[in-house]
Amino acid sequence: MEFPDQIARKAKIRETMGLIKNKFLVLSGKGGVGKSTVAVHLAVALSNRGFLTGLLDIDLHGPSIPKMMGLSGQKVTVEKGLLKPLTFNEKLKIISMASILDDQETAVIWRGPRKGGAIRQLLGDVHWGPLDFLIIDAPPGTGDESLSIAQLVPGVRAIVVTTPQQVAIEDVRRSLQFLNKVSLDIVGVIENMSGLICPHCREEIDLFKKGGGEALAREWGVPFLGRIPLDPNLVLEADSGRPYFEGHEDSAVVLALNRIVDEILKKQA
Ligand code: ADP
């Protein structure tokens, strides 16, 4: 049985999400594969192409997106009972728990009903307005956050990020099994850290075996969206809060991201 306030909450989420054409949940089997990095760069790339885009960082335990985008310290405000997202550029808005709580509170231990309440609030009580794309960055694995999104966000579809060496490990398969179980459509698989761009000669080195992401996608019968190389310069930029676009237009990473965005645009609603 559902209580009236739960029904009202769900209706609010449907109303907020109903204004958004494409909703993508970015997930990975394990941490450290570059899931948040990919989420940030997809959102920036889509906004650079003129699409109204939102980026929702739903990682309650370790929200990292504001830092990657040079927005740490900025706080979300509340207007007419709704959270007003931070602005990265005129087409891209961001919501993260890191921009809602203060630094001490961010370490808060989220449990049971409190966690569920926070997730529902992040899904329903945000003034995004109409958007072309919402990119949702979920914590790694198949925890409460991803499950809530699958159950509460109508029409959401998944993008799975993996690295070549992760493919051999069970975690990424568990994510795909989870997506099947909750009947979430999969937009496709992205293989990140696929080959290394040498910082000296800019040639690509086949560091970990490439192509595992593509083979995995084939095995599961889902689209392969493309591979992004490992570029040490990207880490430096990310640590300084700058997404890797300006000044790097011809880099292998940006070219790869643009090809992936082309693939995603073919699959837009
Ligand atoms: P996750 O969200 O999966 O835990 P992150 O996005 O936080 O992973 O990335 C982990 C680290 O790897 C970060 O330091 C990030 O800058 C770096 N990273 C991610 N993708 C790349 C890449 N293609 N090239 C170089 N560094 C990367």
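Colleague: Which helices and strands each supply at least two residues of the lining of the largest pocket?

Modeller: In this predicted model, they are α2 (35–48), β9 (185–197), β11 (224–230), α9 (232–239) and α10 (252–266). Helix α9 gives the most, with four residues.

Colleague: What makes a residue part of that lining?

Modeller: A lining residue has an atom within 4 Å of a point of the pocket. For the largest pocket, 17 residues line the space. Thr37, Asn192, Met193, Leu234 and Val235 lie nearest its centre. The volume of this pocket is about 270 Å³.

Colleague: How is the lining of the largest pocket divided by class?

Modeller: Eleven of the lining residues are nonpolar, four are polar and two are charged.

Colleague: Why is Gly34 called buried?

Modeller: Buried means under 20% relative accessible area. Gly34 has 13%, so Gly34 counts as buried. This glycine lies in the loop between β1 (20–27) and α2.

Colleague: Which residues is Gly34 in contact with, leaving aside neighbours within four places in sequence?

Modeller: Val161, Asn192 and Met193. Asn192 and Met193 are also among the residues nearest the centre of the largest pocket.

Colleague: Why does Ser99 count as buried?

Modeller: The relative accessibility of Ser99 is 1% and the cut-off is under 20%, therefore Ser99 is buried. Ser99 is found in the loop between β6 and α4 (103–106). Once neighbours within four places in sequence are left aside, Ser99 is in contact with Pro66, Gln74, Lys75, Val76 and Leu86.

Colleague: What makes β5 and β6 a pair?

Modeller: Two strands pair if there are at least two bridges between them. Three bridges join β5 (residues 86–89) to β6 (residues 92–96), so the two strands pair. They run antiparallel and form a hairpin with two residues between them. Within this pairing, Thr87 stands opposite Lys93 in β6.

Colleague: How do you know that α1 meets α5?

Modeller: Contact means heavy atoms within 4.5 Å. By that rule, Arg9, Lys12, Ile13, Thr16 and Met17 in α1 meet Arg120, Gln121, Leu123 and Gly124 in α5. The residues of this contact divide into three nonpolar, three polar and three charged.

Colleague: At what angle do α1 and α5 pack?

Modeller: Helix α1 (residues 4–18) and helix α5 (residues 112–124) pack at about 35°, and their axes are 8 Å apart.

How values were computed: Residues numbered from 1 in each chain as written. Predicted model: local features only at pLDDT ≥ 70, side-chain atom pairs only at ≥ 80, totals over all residues. Heavy atoms only, no water. 1 Å grid on protein atoms, 1.4 Å probe; cavity = no way out; pocket = protein on both sides within 12 Å on 5 of 7 lines; lining within 4 Å. Points joined across faces, edges and corners; volume = space filled by probe spheres on them. Nonpolar A, V, L, I, M, F, W, Y, C, P; charged D, E, K, R; others polar. Axes fitted to C-alpha atoms, helices over the stretch in contact; angles between N-to-C directions. Buried < 20%, exposed > 50% of the residue type's maximum accessible area, 1.4 Å probe, protein only.
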